[in-house]
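Please read them beside the sequence and the coordinates.

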Amino acid sequence: MTARPRPAPPEPDADSATFWAALREERIALQRCSACQRLRFPPMGRCPWCATSGGAAEDVPGTGSVYSWIVVHRAFDEAFAADVPYVVATVDLDEGPRLALRLDEPDGVDFGARVRPRFHHHEDWSELRMVLDG
Amino acid sequence: MADRAVAVAGVGYTPFTRSSGRPVLDLAADAAVAACADAGLTLAELDGIASHMVGSDSENCQALATALALPGLRFVLDLNQAGHAPCHLVGLAAAAIATGRAEHVLVFRALNGRSGTKVGSARFPGRGGQYRYPIGYDAYPMYIAMWARRYLHETGQGIEDLGSVAVAHRAYAVRNERAVQRRPLDMAGYLASPMVADPFRAADCTTEVDGACALLVTSLDRARDLARPPAVVASAAYRAGPRPGLDIGDHVLTGDYTRNFTEGLRDELFGRAGLTPGDVDVAALYDCFTSAVLMSLEGLGLADRGGAGELVRSGRLPVNTHGGLLGEGYLHGMNTVAEAVLQVQGRGGDRQAPDHEVAVATSGALMDGSALLLRSDR
Ligand SMILES: [Zn+2]
């Protein structure tokens, strides 16, 4: 019997290492720009709104609302074949940044639906998902 | 010295197949030879080549120059860019010719896009992929579907509006012997098509192919001496919005999924040509997926916001007379620009638009892309 293929884990870089390490501890750590004060995602060396370098990471609650979503019926990577159908949503965090992530228990998903984080711990990395809130 | 006027003088294709069994360089060379023959130009007169690829799915211009035994090159452009490139390449070739930097530039796209690397599900280099691929958000139909759902919601359109694009394109493809999707499709057939990434069904998605397509760009003066009526390059424009992302699949820094690049470049595109959206007789719009057509019709001002689906159903404006990338095949949009050329030249055969003085072409679907206005030589 062959094991189900596992998704390839993320390959953190110098910018993203903090984000991935925080998920392992069930924290969502995003950088805040020291000049314009915006939180940003994805992690990167300069603020994409004002180009200011740097920005310390801080934890955010991770609540937000659904901007859009898809239901994947055809897996393009064999590792997800057993998961279909599954929902991927773009979620606008209450603190501003938008993330694309898997939505667990998605029945009733709609535009603006409130969501909260749910952490999935894989063998060697942790994934941020969301569930509908309330 | 004033800039010279520029035109597309010819187009060339290989067959579009599921498996070419041939190196990409051979496909590129065949399309180049065909484009030069179409225009009535000898290969040795080429002094420029421009092309694009994703990752390493094609060959550099220098390889094509070698394969074609060209005596030399004055202009070369290898662009690592996806479906937003074809109109941009023609625009840059036109700029080089207009300013005397080249005389005859071949613009091509060649790929074994079906039997080799598939663009739609390829893993793009760049820093954004680490957030998508490990969670199963890993293919282009998913990204565009994410935009499409929000776009339909905000513009008050629905699944039938996507379906109208698929149905209208297929009706053209049936009349195009180059097309790979030639079985008729009606709305019931569209709705029965299997879901891929809801709201997209298989019928919303392009068909990837192996093949090549090339355009021959030269000065208008030179084009007038060649075999075909010139398709004058009236204007070209490129646009990326703010924060276009870390790679071609990264779109979480874009706030509005209901407007694409066409809205940003519209005024520049039409203004430079001295034309308005109302002057457009035929449109050739990049359609990796159905929603891209609707968004571009609205962004270009060819339809009111929320009115693109109705425009497609009305047939008032011929759109993608080749059947689009949906029907003719995914030559990454170079074939869409070639169709605009054929239409302006009046060479559309059974699918020729009745009026064809002005054509608009686009390349790209989301944050960034390019467009061309072509007009007949009056
Ligand atoms: Zn800033």
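1. A residue is called buried here when its relative accessible area is under 20%, and exposed when that value is over 50%. The structure is a predicted model, and the points below should be read with that in mind.

2. Is Glu298(B) buried or exposed? Its relative accessible area is 8%, so Glu298(B) counts as buried. The residue lies in helix H9 of chain B, which runs over residues 290-299.

3. The surroundings of Glu298(B) can be described in some detail. Leaving aside residues up to four places away in sequence, Glu298(B) touches Tyr151(B), Thr155(B), Gln157(B) and Arg266(B), and also the run Ala303(B), Asp304(B), Arg305(B), Gly306(B), Gly307(B) and Ala308(B). Within that run, the side chain of Glu298(B) reaches two backbone nitrogens, that of Gly306(B) at 3.0 Å and that of Ala308(B) at 3.4 Å. Ala273(B), by comparison, is 25 residues from Glu298(B) in sequence and lies 19 Å away in space, C-alpha to C-alpha.

4. Turning to the contact between the chains, 42 residues of chain A meet 36 residues of chain B. About 3200 Å² of area is buried between chain A and chain B, and carbon and sulfur atoms give 63% of that area. Which three residues supply more than any other three of the area that chain A buries against chain B? They are Tyr67(A), Ile70(A) and Phe76(A), which supply 20% of it.

5. As to the elements involved, H1, strand S4 (64-72), strand S5 (86-93) and strand S6 (98-104) of chain A each give two or more residues to the side of chain A that touches chain B. S4(A) gives the most to that side, with seven residues. By class, the residues on the side of chain A that touches chain B divide into 30 nonpolar, four polar and eight charged.

6. Within chain A, the domain assignment gives domain 1 (11-60) and domain 2 (61-134), and the centres of these two domains, taken over C-alpha atoms, are 20 Å apart. Eleven residues from domain 1 of chain A and 17 residues from domain 2 of chain A take part in the contact between them.

7. The area buried between domain 1 of chain A and domain 2 of chain A is about 1200 Å², with 70% of it coming from carbon and sulfur atoms.

8. On the side of domain 1 of chain A that touches domain 2 of chain A, helix H1 (17-24), strand S1 (28-32) and strand S2 (39-40) of chain A each supply at least two residues. H1(A) gives the most to that side, with three residues. The side of domain 1 of chain A that touches domain 2 of chain A has seven nonpolar and four charged residues, and no polar ones.

Key
Residues numbered from 1 in each chain as written. Chains lettered and ligands numbered in written order. Predicted model: local features only at pLDDT ≥ 70, side-chain atom pairs only at ≥ 80, totals over all residues. Heavy atoms only, no water. Domains from an automatic or database assignment. Contact = heavy atoms within 4.5 Å. Buried area = accessible area lost by both parts, 1.4 Å probe. Helix = DSSP H or I, 4+ residues; strand = E, 2+ residues; numbered from the N terminus. Nonpolar A, V, L, I, M, F, W, Y, C, P; charged D, E, K, R; others polar. Buried < 20%, exposed > 50% of the residue type's maximum accessible area, 1.4 Å probe, protein only. Polar contact = N/O pair within 3.5 Å; in protein donor to acceptor, adjacent residues only side chain to side chain.
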